[in-house]
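Hi,

Here is the structure I promised to pass on. Have a look at it first, then read my notes below.

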Amino acid sequence: MALTTVRRLVAALAVSSLVSLAPLPAAAEAEDVFPSAGDVERSRAAVADSASEVGRIEARLAAAGARTDRLATEVGRAVEAYNGARLRLERARVAAEEAQRRADQSGRAVESSREVLGRFAAAAYRSGGDVGGLSTFLVAAGPRDLISRAAALQAVGDSRRRALDDLRSAQAYAGLLQRRADGALAASVRAERRVAQAKQNAETRLAAQQQAVEQIAGQRETLVRALAEARNTTVRLERKRQAGLELAREEAAREAAEARAREQARAAEAAREAEQQRQAEQRRQAERQRQADEQRADEQRRADEQRRQEDSGSSSSGSSSGGSDGAGSGGSSGPTGGPSAPDPAPTPAPPSGSSSGTTSGAERAIDFAQAQIGKPYQWAADGPSSYDCSGLTMRAWEQGGISLPHYSVAQYERGQQVSLTDLRRGDLVFFASDPGDHTSIYHVGLYIGSGQMIEAPYTGENVRVSSIWRGSLFGAARP
């Protein structure tokens with residue numbers, strides 16, 4: 001509707017221009033050249049309709065771009081969920097194997113105890129079933145022999161009871177370990193099913209994204225052409241303009257991410273200052289307490305010394321007043337009162353994660369990642385010909401001497417969290433769908449300085465150097 005109106009307006013303006021170039025023979029004809037109030041109103045309506053149509057087209061283009069980003073995030077989350085499921089499966093299998101190994105070892109202990117008890121049974125059979133019985137006493141040669149045989153029988157009985165107790169204990173413990181092994185095996189089977197489900201989900205998400213991306217690309221081309229027609233420009237210019245708008249959006253995201261990083265740095269600095277002040281106050285309180293304790297100890301020593309002197313004077317003069325004075329003096333010079341210093345506040349827990357990577361290791365990691373630039377992204381891949389995001393960072397830091405899991409969330413948990421304002425080369429930068437939940441991390445890159453990272457981005461792209469300043473930037477960790 002608006003495009004037709006624009007065409008009519010352009011035609012009207014062209015006709016009016018031609019007419020304006022013709023001679024004006026009479027005043028009546030001159031009056032007909034000028035647009036009427038209705039013409040002006042219709043022109044204004046046409047311009048308004050055109051502007052409104054342009055706005056709708058640009059809104060649809062922005063929505064298409066947002067949908068593309070959202071689909072990429074969903075695929076990233078699905079892929080990293082699959083990587084996480086694989087990591088948990090690997091741990092479950094190791095736990096199941098270890099549990100079964102311990103159960104088998106306990107089973108061998110049961111067999112050993114059963115053999116010991118079997119020897120007692122065999123001995124009883126050979127002796128007619130009377131090991132430790134009455135016949136042993138009947139064949140005794142005399143009192144000494146009887147005492148010796150009784151001691152031997154008691155020892156045999158104790159050994160038999162211990163063997164039976166050992167067997168029962170070994171059987172109970174073996175049963176417990178076997179139940180644990182069975183439970184660990186069942187957990188491993190469940191983890192394997194979850195891996196299959198996560199893989200299917202990732203494949204479904206990826207297929208849906210690729211289909212949607214193709215549709216969105218076609219829609220964008222159609223919208224750009226409509227926008228060029230509405231603005232009476234060329235498609236090439238509109239494409240350049242959309243690219244410029246995309247750069248502007250990226251710049252806005254970068255500025256927002258930088259502002260968030262500065263805010264986080266200010267909060268961290270304020271927390272450090274508050275902690276330093278708290279520790280300083282603790283030291284001051286401890287010093288005041290020490291001084292007060294020393295003062296009370298000095299006063300107590302002076303009071304004791306005064307009582308001793310008074311007691312000595314009283315015994316030499318035989319006067320009873322000295323003892324009375326001494327008692328009074330002792331009561332007046334006791335420890336001073338006053339409130340005691342409060343208990344120091346508990347020391348806060350250290351930050352989670354730990355850093356073991358060196359700067360030289362970071363440089364080796366960066367060198368490796370740079371050598372992979374241009375290789376294709378492949379979800380769940382960890383080289384050597386293709387990578388996904390956490391597979392690339394895992395292999396890179398492997399060259400730096402640090403073992404990392406193939407899962408971005410676990411890489412964040414494994415490293416020492418650092419402020420975005422304290423980044424150094426080799427740190428890992430993470431991106432999440434929820435800024436308050438690290439378990440929503442779905443992407444990771446290797447920081448190389450100057451706000452840049454090496455990343456394996458998504459299906460259809462290659463390993464590349466990119467800016468870290470995105471709206472989804474979550475945080476950083478040092479391996």
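Where does Ser450 lie? Ser450 is in the loop between E3 and E4; helices (H or I, at least four residues) and strands (E, at least two) are DSSP runs, numbered from the N terminus. Ser450 has a positive phi of about 55° although it is not a glycine. Most residues other than glycine have a negative phi, and most peptide bonds are trans.

Before going on, keep in mind that this is a predicted model, where local features need pLDDT of at least 70, side-chain atom pairs count only at pLDDT 80 or more, and totals for chains, interfaces and linings use all residues. Residues are numbered from 1 along each chain as its sequence is written, and side-chain values use heavy atoms, with hydrogens and water left out.

Ser450 counts as exposed because its relative accessibility is 75% (buried means under 20% relative accessible area, exposed over 50%, partly exposed in between, with a 1.4 Å probe and protein chains only). Ala380 also has a positive phi, near 70°, but Ala380 counts as buried, at 17% relative accessibility. You'll find Ala380 in the loop between H8 and H9. Pro384 lies in the loop between H8 and H9 too, and a cis peptide bond joins Gly383 and Pro384, with omega about 0°.

Now for the sheet. It is open, with six strands in the order E1-E6-E2-E3-E4-E5 and antiparallel pairing (two strands pair if DSSP finds at least two bridges between them). The edge strands are E1 (416-418) and E5, each pairing on one side only. E2 (residues 428-432) and E6 (residues 473-478) pair over four bridges, and Val429 stands opposite Ala476 in E6.

Finally, the largest pocket. What is its volume? It comes to about 1500 Å³. On a 1 Å grid over the protein atoms alone, a pocket is an open set of points where a 1.4 Å probe fits, with protein on both sides within 12 Å along at least five of seven lines; lining residues have an atom within 4 Å of a point. Grid points are joined across faces, edges and corners, and the volume is the space filled by probe spheres set on the points. Of the 46 lining residues, the closest to the centre are Asp69, Glu246, Glu250, Tyr458 and Arg464. H3 gives the largest share of the lining, eleven residues.

Cheers
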